[in-house]
Amino acid sequence: MRSFYASYAPRAIASGLAATDSIIVERPALFAPPLLAALGRDAAERSRATGEIAGLDFEPFLAAQDPCDRYEVGGAARAAAAAPGASVRVSVYAVCGGARGDQPAVVAEMGPGAQGSWAFVNFHYGPPVDDDLLALLRRLHPGPENR
């Protein structure tokens, strides 16, 4: 995950949601199928919209509209009673002006992916939002595929 953020964050800082849209096409194996499908629907809706916001209005992997200088991956935590292969949540911290935030900017949830690798399952946002990416995408793009 450190390598993902080391290479992805500069792209996102430079191009915002365009980086999100391109990474899901370039490296789909990084994302669990439900998350990949939801991000793909969002990208398609945003590309069709004219003159208004029709989906995400922030960079979802950095949890920012105005990203910081860089991002650091922190500690990982698995639920106490989690079975082997269960998901792991990894804190990601924004570093703005050389100072790392006290709280994670986003918590990336990783789970088993294809061929024994790990994949992003979801992204969780703390206060004041207390939401997650999959739930947000379901609300933005309601439909039978999001139930």
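## Contacts and overall fold

Let's start with the contact pattern: among contacts in the chain (heavy atoms within 4.5 Å) between residues at least 6 apart in sequence, 46% join residues at least 24 apart. The model is a predicted one, in which local features need pLDDT of at least 70 and side-chain atom pairs count only at pLDDT 80 or more, while totals for chains, interfaces and linings use all residues. Residues are numbered from 1 along each chain as its sequence is written, and side-chain values use heavy atoms, with hydrogens and water left out.

Four helices and six strands make up the secondary structure of the chain; here helices (H or I, at least four residues) and strands (E, at least two) are DSSP runs, numbered from the N terminus. Reading along the sequence gives the pattern α-α-α-β-β-β-β-β-β-α.

## Size, surface and charge

The radius of gyration, taken over C-alpha atoms, is 15 Å, which agrees with the value near 15 Å for a compact globule of 147 residues. That globule rule is 2.2 Å times the number of residues to the power 0.38. Along its principal axes, the C-alpha trace spans about 45 × 40 × 30 Å.

Of the 147 residues, 41% count as buried, where buried means under 20% relative accessible area, exposed over 50%, and partly exposed in between (1.4 Å probe, protein chains only). The accessible surface comes to about 8,000 Å², with 55% of it belonging to carbon and sulfur atoms; these areas come from the Shrake-Rupley method with a 1.4 Å probe, and for residues only the protein chains shown count as cover. As for charge, the chain has 13 positive and 16 negative side chains, and the centres of the two sets lie 7 Å apart. Lys and Arg count as positive and Asp and Glu as negative, leaving out His and the chain ends; each charge is placed at NZ of Lys, CZ of Arg, CG of Asp or CD of Glu.

## The nonpolar core

In soluble globular proteins, nonpolar side chains tend to be buried together. A nonpolar core here is a set of buried Ala, Val, Leu, Ile, Met, Phe, Trp, Tyr and Cys residues joined through side-chain atoms within 4.5 Å. The largest one has 36 residues, and Tyr5, Phe61 and Phe123 have the most contacts inside it. Elements that each supply at least two residues of this core include helix 2 (17–26), helix 3 (33–48), strand 2 (88–96) and strand 5 (118–125). Helix 1 gives the most, with five residues.

Setting aside residues up to four places away in sequence, Phe123 touches Tyr5, Leu35, Pro60, Phe61, Val106, Val107, Ala108, Asp131, Asp132 and Leu133.

## Residues worth a visit

Phenylalanine 4 is in helix 1 and counts as buried, at 5% relative accessibility. Beyond residues up to four places away in sequence, its contacts are Ala9, Ile23, Leu30, Phe61 and Phe120. Phenylalanine 4 and valine 106 are 102 residues apart in sequence, yet 14 Å apart in space, C-alpha to C-alpha. Leucine 137, in helix 4, is buried too, at 2% relative accessibility; its C-alpha atom is separated by 16 Å from that of valine 106, 31 residues away along the chain.

Glutamate 109 sits in strand 4 (residues 106–112) and is buried, with a relative accessible area of 11%. Among the residues that glutamate 109 touches are Arg89, Asn122 and His124. Finally, have a look at alanine 63, in the loop between helix 3 and strand 1. Its phi is near 55°, a positive value in a residue other than glycine, and alanine 63 counts as partly exposed, at 28% relative accessibility.
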